[in-house]
Amino acid sequence: MTEEQAPKDLASDKLPEVLPILPLFETALFPKMVLPLVVMQRESIQLIDEAMSGDRIIGLLVSKEKDDQAPHPREALATVGTSALILKMAKADDQRAQMLVQGLSRFTVSEFIEGQVYLRARINHLTEKDPHDKETEALMSNLVMLFGKIVELSPGLPQEMADMSKSMQEPGILADMVASTMNTTAEEKQKVLEIFDVKKRLKEVSRLANHQLEILELGNKIQSQVKGDMEKSQREYYLRQQLKAIKEELGEKDEGTVEIEEYRTKIEKANLPEEARQEADRELDRLSRMHPSSAEFTVASTYLDWITALPWHVTTTDTLDINKARKILDDDHFGLEKPKKRIIEYLAVRKLKPESKGPILCFTGPPGTGKTSLGRSIARALDRKFHRISLGGVRDEAEIRGHRRTYVGALPGRIIQGLRRAGSNNPVFMLDEIDKVGSDFRGDPSSALLEVLDPEQNFSFSDHYLDVPFDLSKVMFITTANILDTIPPALRDRMEVLQLLGYTEDEKIKIANRFLIPRQRRAHGLKADLISFTRGAVKLIISGYTREAGLRNLEREIASICRGVASKIATGTAKAVTVKVSNLHPYLGPVRFTSETRARIRTPGVATGLAWTQMGGELLFVEATAMKGEKSLTLTGQLGDVMKESATAALSFIRSNAAKLGIAEDFFDQRDLHIHVPAGAIPKDGPSAGVTMLTALTSLLTGKIIKKDLAMTGEITLRGQVLPVGGIKEKVLAAHRAGIKTVILPSWNRKDLEDIPKKVQKDIEFHFADRMLDVLAVALNGKPE
């Protein structure tokens, strides 16, 4: 290591006008102050070497940039700096230099000079005149007092610095010394450096000193409080130990010992599995060594409360009387034959093989079709406990698996919490709205459900909070969903899907008379002799005031009528009311829904299709028109890409088979065609409207009217084939609700008629088509009205 010191004859008042510039980072140097620096940049080391061979004087400028990149950008450097003398310099190697510099005077930069690898600048040295008046003396006295307090509260500052500040006579040097000593940012120090007026500089440094003193006093206050709290805690511990010794002498047990014994008794009675018993004993051993006032004591005791309260071996006895179970299911729900049949099959298997695992069922269908209430009926039929968990909007995996005990306020997941509330290890567990589970940065709850809903894995389900396996294989899991598309494929694969697709009008009438009206009558305090409904009134409520696959809106309308009747009876204006078609209007207002097929003008180019939605089936009307133009096809009604492609395929089929259809082959040369699907605010997509679009276009171009009360569905190909589509039951039920008499379906969907109620099959005439020409043969024989 080489070391060089400044010669004594360098103390000269004459300073050069051009100085090499060394950037400073995170600090600033004031005149007359001394500052140690470490230099590592190759250009800066060369600057120092050349300065050491000369007068040892350099210029220091604070940089706004945080990194020491080379060459350093000039715009990042301050315009006011300090000329400095290198007092001492030591180099360990060519890559690092340490030096001690002393500030000489302030300067401003006139211009930067090119020509060197390091920065050089032409500067103007600033000399300051110290004012001597009463205001200056007062400012100096105030600053000395503040600095003395700062030194007193700062362990790192020696008392000699406060004494030195009292002996200073030059106000400028006093302000610079205090500013350089205080713990402030480089920006604040640079701001002081740029103040040339001594009085203003004293005021600014006094402001900084006041701020620094407030921070130090607050920190000292906090330290005193912490120390006082620690002394209080130690005193309380000492007194508690004395109290414990006194109780032992008197033969009394303390509360902690009693609680430990209670937990030990709970563990014995809980009959825990081996692994859970080991974990409980280990936690109890930790608990016995803790003080009851510690935070860990609460965590351990809460864990023991949970692990001993779970129904590890508590099992309810299933009712295996199949006829009784069937009666309970029929009493609670009308229809729903497939789900009921599946439950009866499960009971039969349980009767023959008691150790069989519970099924994982998924009820899917539109809202209001009885999915959740069917779960309660299944629990009642099996004589099991029932617990429902709503998964709608759940985004945190810990909702299923629980939080680890390291977190404050940790609890088990909803599965374990539900088992504790149910009080048995074989309840009927309903996971409602499983299709609405989300995921975000906290995890994916649907992935956690993979273990829960897999009979091959859930016998050892591990909750993060319990950290021991729990057997879920005896639980009968039932999930509900409106649609299956949003359920991850791996999760959907673990469930047996049963569809609850909606009710016919006759089924709704029977359900209303058997379930909904009695329930609303009881809810509104009306006896059976105070209110009654005619069949015609119920039918009009269903067809004129609701349009749904389920029953929720129907029950709301019945509730509205019951409220109106209750109001009349309570006010004495009526003693009993029979609700008829003629007096529905005062309770429900005008009819909201009418048959859309009757409202449509039967002209060429108008066809009725069938569509599937999450709410069930719907009618889909397609209108086509032609006008003079240049061979363009316009599609409106907010159609999706698949639906647009179906329209294009339909037009291509017509153009290629124009002769067979009785259409001029040049029909498209001077015409524009426009296809519109009403209800334009609703997005529509899917291939099943292909046959409807093709029929509407053919009707328009041939001038033939489509048969009255006819609807159709099916996908088409360019060769004119009719391909199968989904949602047949929902579509047919929608057609039946709307009064459709004839439905055309793809031949491949003939098998789906098994799901259609017999009453609907009798009311509707079905035609099955393999090719589009078969569809047109049935559809285009209508007569104008």
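In the protein chain, 74% of the contacts with a separation of 6 or more are made by residues 24 or more positions apart, a contact being heavy atoms within 4.5 Å. The structure is a predicted model in which local features need pLDDT of at least 70 and side-chain atom pairs count only at pLDDT 80 or more, while totals for chains, interfaces and linings use all residues. Residues are numbered from 1 along each chain as its sequence is written, and side-chain values use heavy atoms, with hydrogens and water left out.

The protein chain contains 27 helices and 25 strands; helices (H or I, at least four residues) and strands (E, at least two) are DSSP runs numbered from the N terminus. The radius of gyration is 44 Å, well over the 28 Å given by the globule rule for 785 residues, so the chain is more spread out than a compact globule. This radius is taken over C-alpha atoms, and the rule is 2.2 Å times the number of residues to the power 0.38. The C-alpha trace spans about 120 × 100 × 65 Å along its principal axes. Of the 785 residues, 47% count as buried (buried is under 20% relative accessible area, exposed over 50%, partly exposed in between; 1.4 Å probe, protein chains only).

Leu776 is found in helix 27 (residues 772-779) and is buried, with a relative accessible area of 7%. Its C-alpha atom is separated by 6.4 Å from that of Thr695, 81 residues apart along the chain. Beyond its neighbours within four places in sequence, Leu776 is in contact with Leu661, Leu694, Thr695 and Thr698.

The count of salt bridges comes to 27, each defined as a side-chain nitrogen of Lys or Arg within 4 Å of a carboxyl oxygen of Asp or Glu. One of them joins Glu111 and Arg122 (3.2 Å, N to O). Glu111 lies in strand 6 (residues 96-113) and Arg122 in strand 7 (residues 120-126), so this pair ties together parts 11 residues apart in sequence. Asp305 and Lys266 also meet in a salt bridge (3.7 Å, N to O). Because Asp305 belongs to helix 9 (residues 295-309) and Lys266 to helix 7 (residues 255-270), the pair ties together parts that are 39 residues apart in sequence. Asp305 is partly exposed at 27%, as is Lys266 at 40% relative accessibility.
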